[in-house]
Amino acid sequence: MDKRSKPLILILVLIAFISALIAFWAVFLRDPAPVLPPDELPSLETNAIPTEEEEKMDQPEGGGSVNITYSDQVTISLADQTVGLYFSNPSRSNQSMVLEVIIQGVTVAQSGALPPGYLVETLPLLGTAKLSAGTYEGKFHVLFYDNAGGKAILDTEIPVTITVT
Amino acid sequence: MKKLIAILLSLTFVLSVSVCAGTIMPGYSEQKTVTATYRATDAPVYSVDITWGSMVFVYAKKSAGLWDPETHTYSNAVTEGWQYPVDSTSGLAANEIKITNHSNAEIGYTVTFAPSSTLTRSDTSYTLEKDTDTIATAVGTSIDNAPYKIARLVLNGETPSESFDVGTLNVTISTQ
């Protein structure tokens with residue numbers, strides 16, 4: 001090894017060491033990126049189930065009118081990586097919805113668009129959720145979107161009991 | 001020596017790349033096929049209507065009204081302050097949030113308001129009226145006569161500008 005190549009090799013070793021440290025931090029130490037509610041209406045939720053037709057509610061001009069029908073009991077299967085729930089945006093509503101299931105400030109499931117006339121009974125568990133079996137006090141966070149897909153001035157939260165198995 | 005260092009560097013690089021490939025990157029969520037199904041029980045069924053006004057308010061300047069030369073009097077005098085136009089279809093004022101309970105159980109609600117930065121920086125204040133309450137079960141009532149409550153966002157003081165965002169509202173529905 002000549003004297004000129006020695007510093008170069010040392011620099012390369014240092015770069016490789018720093019790369020390995022960054023990789024270790026990314027895997028074991030970094031918090032997963034938070035899942036944020038979408039500002040615009042996403043595409044239709046793949047698990048959405050159509051409901052029966054109903055007469056529309058009266059909607060104030062420039063405002064909104066919705067109905068939400070739900071159970072406050074939620075289950076999570078770690079084996080299947082799914083969230084079991086009942087949440088409906090009946091056809092009498094006038095706004096589309098996006099549902100988030102949140103435990104201790106962490107979003108563990110987020111639906112796609114639920115237009116009026118659709119419900120969900122299952123959602124995929126987000127890969128970022130680190131849960132262990134037990135019962136948790138969580139919440140639904142419901143976002144509303146007008147016909148143009150813009151987020152409404154109002155949103156809703158609903159406390160739920162979540163059983164993880 | 002050179003060969004040994006080259007081998008070490010190669011190993012470090014390969015390990016770094018393979019470890020990074022298994023990391024969940026920001027904005028990416030792993031999703032799997034859904035198979036579980038929710039089974040309804042005899043637990044309460046919650047069904048709640050939420051209707052909100054336009055939240056577009058009008059600040060009216062004081063006016064004596066229209067002068068009627070026939071009677072030498074004014075009519076339609078305007079008092080200075082915030083006005084909340086009523087929607088003709090729903091009957092709801094622009095500053096109102098109506099919560100209707102169609103559940104077979106009593107519910108509670110809490111309305112909170114996050115003012116916009118324009119409103120926060122101004123001298124205009126706000127109050128929420130009937131922002132938290134309970135609503136009786138719908139059992140024994142008809143659809144058209146379901147129990148409901150109305151909360152109101154009221155502004156106080158002069159308008160900070162001709163047009164501005166008021167803020168955002170949140171309604172928390174709770175079981176009792």
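Student: What is the relative accessible area of Gln81(A)?
Tutor: This is a predicted model in which local features need pLDDT of at least 70 and side-chain atom pairs count only at pLDDT 80 or more, whereas totals for chains, interfaces and linings use all residues. Residues are numbered from 1 along each chain as its sequence is written, chains are lettered from A and ligands numbered from 1 in the order in which they are written, and side-chain values use heavy atoms, with hydrogens and water left out. Gln81(A) sits in the loop between strand E3 (73-77) and strand E4 (82-89) of chain A; helices (H or I, at least four residues) and strands (E, at least two) are DSSP runs numbered from the N terminus. Buried means under 20% relative accessible area, exposed over 50% and partly exposed in between (1.4 Å probe, protein chains only), and Gln81(A) is partly exposed, at 22%.

Student: What is the phi of Lys130(B), approximately?
Tutor: Lys130(B) belongs to the loop between strand E8 (125-129) and strand E9 (132-135) of chain B. With a relative accessibility of 54%, Lys130(B) counts as exposed. Although Lys130(B) is not a glycine, its phi is positive, at about 50°.

Student: How many of the residues of strand E1 of chain B are buried?
Tutor: One side of E1(B) carries Tyr46(B), Val48(B), Ile50(B) and Trp52(B), and the other carries Ser47(B), Asp49(B) and Thr51(B); both faces are covered. Strand E1 (residues 46-52) of chain B is largely enclosed by the rest of the structure, because the buried residues number 7 of the 7.

Student: Which residue of E1(B) stands opposite Ile68(A)?
Tutor: Two strands pair if DSSP finds at least two bridges between them. Strand E2 (residues 64-70) of chain A pairs with E1(B) in the antiparallel sense over 7 bridges. E1(B) is also joined by 5 bridges to strand E6 (residues 96-101) of chain B, again antiparallel, with Asn101(B) in E6(B) facing the residue in question. The residue opposite Ile68(A) is Val48(B).

Student: Which residue of chain A meets Asp49(B) in a salt bridge?
Tutor: A salt bridge is a side-chain nitrogen of Lys or Arg within 4 Å of a carboxyl oxygen of Asp or Glu, and the whole structure holds 6 of them over all chains. The side chain of Asp49(B) meets that of Arg92(A), with N to O at 4.0 Å. Asp49(B) lies in strand E1 of chain B and its partner in the loop between E4 and strand E5 (96-103) of chain A, so the pair joins two chains. Both residues are buried, and a network of salt bridges links Glu54(A) and Asp49(B) with Arg92(A).

Student: How far apart are the closest N and O atoms of Asp133(B) and Lys149(B)?
Tutor: Side chains of opposite charge can pair when their charged atoms come close. In the salt bridge between Asp133(B) and Lys149(B), the closest N and O atoms lie 3.3 Å apart. Asp133(B) is in strand E9 and Lys149(B) in strand E10 (residues 148-156) of chain B, so the pair ties together parts 16 residues apart in sequence. Asp133(B) is partly exposed at 31% and Lys149(B) is partly exposed at 27%, while the N to O separation is 3.3 Å.

Student: Which residues of chain A does Ser88(A) touch, leaving out residues up to four places away in sequence?
Tutor: Ser88(A) is part of strand E4 of chain A and is buried, at 5% relative accessibility. Contact means heavy atoms within 4.5 Å. With residues up to four places away in sequence left out, Ser88(A) touches Thr51(A), Asn67(A), Ile68(A), Thr69(A), Tyr118(A) and Leu119(A).
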